[in-house]
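Look at the charged side chains in the structure shown here. The text below goes through the pairs they form.

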Amino acid sequence: MEYRELYKKAEEMLDRSYAPFSNFRVGAALLAKNGQVFTGVNVENSSLGGTICAERTAMVKAISEGVREFEAIAIASSGGEAWPCGICRQFMKEFCDDDFVIIAGVDIDSIRTYTLPELLPEGFRL
Ligand code: THU
């Protein structure tokens with residue numbers, strides 16, 4: 001799947017984001033190696049630490065459906081470019097290889113990509 005198409009799926013998720021506290025909506029679309037796409041949104045909570053990011057929502061959906069091999073993730077937000085937070089980068093490190101691609105941008109015409117080691121050099125894994 002083309003990166004632009006994946007980004008579009010992330011963008012389409014923004015309406016489903018639950019972000020009443022930050023008003024920062026995030027949508028993610030995770031492409032598995034088998035071609036399946038798992039989407040996600042950020043889901044905030046009154047107990048703010050209970051919030052889960054869009055990227056981890058998508059990954060948890062995939063993993064709980066038995067899919068653990070991933071190729072790329074696209075991230076769109078209501079507030080400009082959104083690159084994964086530190087916890088999400090570490091979460092990706094658990095399941096993704098060094099060629100895993102992260103796609104983000106202000107809009108579909110300005111997407112940029114990084115590999116996971118570019119965003120998380122010397123990442124930790126047991
Ligand atoms: N957030 C994500 O969902 N993904 C990111 O990459 C950055 C942050 C969410 C968490 C919270 O709901 C809101 O954005 C503001 O931090």
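**Salt bridges**

In this predicted model, a salt bridge joins the side chains of Glu12 and Lys8, at 3.8 Å from N to O. A salt bridge is a side-chain nitrogen of Lys or Arg within 4 Å of a carboxyl oxygen of Asp or Glu. Glu12 and Lys8 lie four residues apart in helix α1, so about one helical turn separates them. Helices (H or I, at least four residues) and strands (E, at least two) are DSSP runs, numbered from the N terminus. Glu12 is exposed at 52% relative accessibility, while Lys8, at 45%, is partly exposed. Here buried means under 20% relative accessible area, exposed over 50%, and partly exposed in between (1.4 Å probe, protein chains only).

How many salt bridges does the structure hold? There are five salt bridges. One of them pairs Asp109 with Arg4, at 3.2 Å from N to O. This pair links distant parts of the chain, 105 residues apart: Asp109 is in the loop between β4 (101–104) and β5 (112–115), and Arg4 is in helix α1 (residues 3–12). Asp109 is exposed, with 64% relative accessibility.

Arg4 also meets Glu2 in a salt bridge, at 4.0 Å from N to O. Arg4 is partly exposed, with a relative accessible area of 35%, and Glu2 is partly exposed at 47%. Through shared partners, salt bridges join Glu2, Arg4 and Asp109 into one network.

Residues are numbered from 1 along each chain as its sequence is written, and side-chain values use heavy atoms, leaving out hydrogens and water. As the model is predicted, local features need pLDDT of at least 70 and side-chain atom pairs count only at pLDDT 80 or more, while totals for chains, interfaces and linings use all residues.
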